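Hello,

The structure is below, with my notes after it. Please look through them when you have time.

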Amino acid sequence: MEDNKTLVRKGLSLPLMEAFYTIQGEGVFSGRPAYFIRLGGCDVGCVWCDVKASWEAEKWPLKTVEEIVEEAAGFPARLAVITGGEPLMYDLGPLTSLLKEKGFTVNLETSGTHPFSGALDWVCFSPKKFKQPDPGIYARADELKVIVYHRSDFDFALKHAALVGRGCHKLLQPEWSKAAEVTDMIIKFVKKHPEWRISLQTHKYMEIP
Ligand SMILES: C[S@@+](CC[C@H](N)C(=O)[O-])C[C@H]1O[C@@H](n2cnc3c(N)ncnc32)[C@H](O)[C@@H]1O
Ligand SMILES: Nc1nc2[nH]cc(C(=O)O)c2c(=O)[nH]1
Ligand code: SF4
Ligand SMILES: [Mg+2]
């Protein structure tokens with residue numbers, strides 16, 4: 001029997017903070033029912049992170065990928081969203097393969113700060129000023145979702161947009177606590193730069209998970 005450290009290193013067991021069936025609130029898939037798998041552990045340290053409780057991996061119980069997928073398969077939707085914490089801290093190969101075997105479309109929410117892994121159908125890359133992305137993420141990103149907290153974030157967004165692939169969707173999302181101030185700036189920016197669009201955290205307006 002392999003020990004827990006080895007199982008985590010191989011991506012066979014993962015620290016699971018929570019898993020829940022909800023509506024994808026953000027980004028290109030906004031409005032779609034989806035099963036969220038939130039892995040514990042993040043070393044990025046965003047000051048405005050809305051899930052700081054996730055940061056410490058050791059706090060969360062280890063679950064085998066079989067346990068995680070069995071639970072997911074009990075809900076009607078066949079869209080899974082892997083998030084965190086920072087899910088790319090782990091080898092997502094086993095979890096994503098098993099989800100796909102069970103018929104799921106598998107989407108990822110990531111800061112791109114760790115090497116890419118897994119069989120993903122859609123990658124939402126949300127770069128952070130607090131830790132540099134791994135350069136390998138740019139070619140994998142289907143969606144670039146930049147959080148706007150301060151006006152300097154527009155230049156940060158343009159810098160990352162220059163590095164993603166041609167087909168990558170470019171979105172700006174207000175940081176939740178600053179939404180009242182930054183939403184107007186985002187509207188003006190998008191009207192001037194129509195290749196960008198707005199992403200709102202609609203689940204927070206709907207008061208659902
Ligand atoms: C909690 S993160 C987890 C996944 C990964 N660590 C990441 O940052 O992409 C999920 C998404 O929420 C966004 N997010 C986190 N805190 C936010 C906030 N206060 N306002 C708006 N978006 C936020 C992140 O940028 C990311 O796109
Ligand atoms: N409904 C809902 N949609 C989301 N989209 C991305 C989320 C995340 O925290 O990764 C999230 C979340 O926490 N809830
Ligand atoms: S990378 Fe994601 S989970 Fe980590 S601190 Fe930033 S927003 Fe939170
Ligand atoms: Mg969230």
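The buried residues of helix α4 are covered by, among others, strands β7 (143–148) and β8 (169–174); cover here means contact, with C-beta atoms placed from the backbone lying within 7 Å. Helices (H or I, at least four residues) and strands (E, at least two) are DSSP runs numbered from the N terminus. This is a predicted model: local features need pLDDT of at least 70, side-chain atom pairs count only at pLDDT 80 or more, and totals for chains, interfaces and linings use all residues. Residues are numbered from 1 along each chain as its sequence is written, with chains lettered from A and ligands numbered from 1 in the order in which they are written.

In α4 (residues 153–161), Asp153, Ala157 and His160 are buried (20 or more other C-beta atoms within 10 Å of the residue's own; exposed is 12 or fewer, partly exposed in between). These buried residues line one face of the helix, because they fall within an arc of 70° seen down its axis, the arc being that of the directions from the axis to the C-beta atoms. Asp155 and Lys159, on the other side, are exposed.

Ligand 1 is surrounded by 18 residues, and Asp50, Glu109, Ser111, Ser126 and Trp176 are the closest (C-beta atom, placed from the backbone, within 6 Å). Strands β4 (79–84), β5 (105–110) and β7 each give two or more residues to this shell.

Arginine 38 lies in strand β2 and counts as buried, because it has 21 C-beta neighbours inside 10 Å.

Regards

Definitions and conventions
Contact = placed C-beta atoms within 7 Å.
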